Amino acid sequence: MLCQCPPCQQLLRTGRRHSYLTTISQIRNSELVKCTLCLSYYLHEQSHWETVSSHGDHYPFPTKPKYDAIMQN
Ligand SMILES: [Zn+2]
């Protein structure tokens, strides 16, 4: 299944950050980031990337990120 944008697929494969990643929160050694391109969320922990949630339905035309409302409350 193809849920992530190409830069994110590379992120998960190689661990290389790309410029569409935005840090949501940082706790101790963990970092929650969001991709503004495919609207997926990732957890970065001990140089390991894990998908928290992905919004493949939106890619490549991101519309309204439904999780943004939840995160801001
Ligand atoms: Zn992405």
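L21 stands opposite C35 in strand 2. Helices (H or I, at least four residues) and strands (E, at least two) are DSSP runs, numbered from the N terminus. The structure is a predicted model, in which local features need pLDDT of at least 70, side-chain atom pairs count only at pLDDT 80 or more, and totals for chains, interfaces and linings use all residues. Residues are numbered from 1 along each chain as its sequence is written.

The protein has 2 helices and 4 strands, arranged along the sequence in the pattern α-β-β-β-β-α. Some of these elements are listed below.

| Element | Residues |
|---|---|
| Helix 1 | residues 6-14 |
| Strand 1 | residues 21-27 |
| Strand 2 | residues 30-35 |

Strand 1 and strand 2 run antiparallel and are joined by 6 bridges; two strands pair if DSSP finds at least two bridges between them. These two strands form a hairpin with 2 residues between them. In the turn, R28 has a positive phi of about 45 degrees.

C8 belongs to helix 1. Is C8 buried or exposed? C8 counts as buried because it has 23 C-beta neighbours inside 10 Å. A residue is buried if 20 or more other C-beta atoms lie within 10 Å of its own, exposed if 12 or fewer, and partly exposed in between, with C-beta atoms placed from the backbone. Of the 73 residues of the protein, 18% count as buried.

Leaving aside residues up to four places away in sequence, C8 touches C35, C38 and S40; contact requires C-beta atoms, placed from the backbone, to lie within 7 Å. The C-alpha atoms of C8 and Y42 are separated by 9.4 Å, although these residues are 34 residues apart along the chain. Among contacts in the protein between residues at least 6 apart in sequence, 30% join residues at least 24 apart.

Methods
Contact = placed C-beta atoms within 7 Å.
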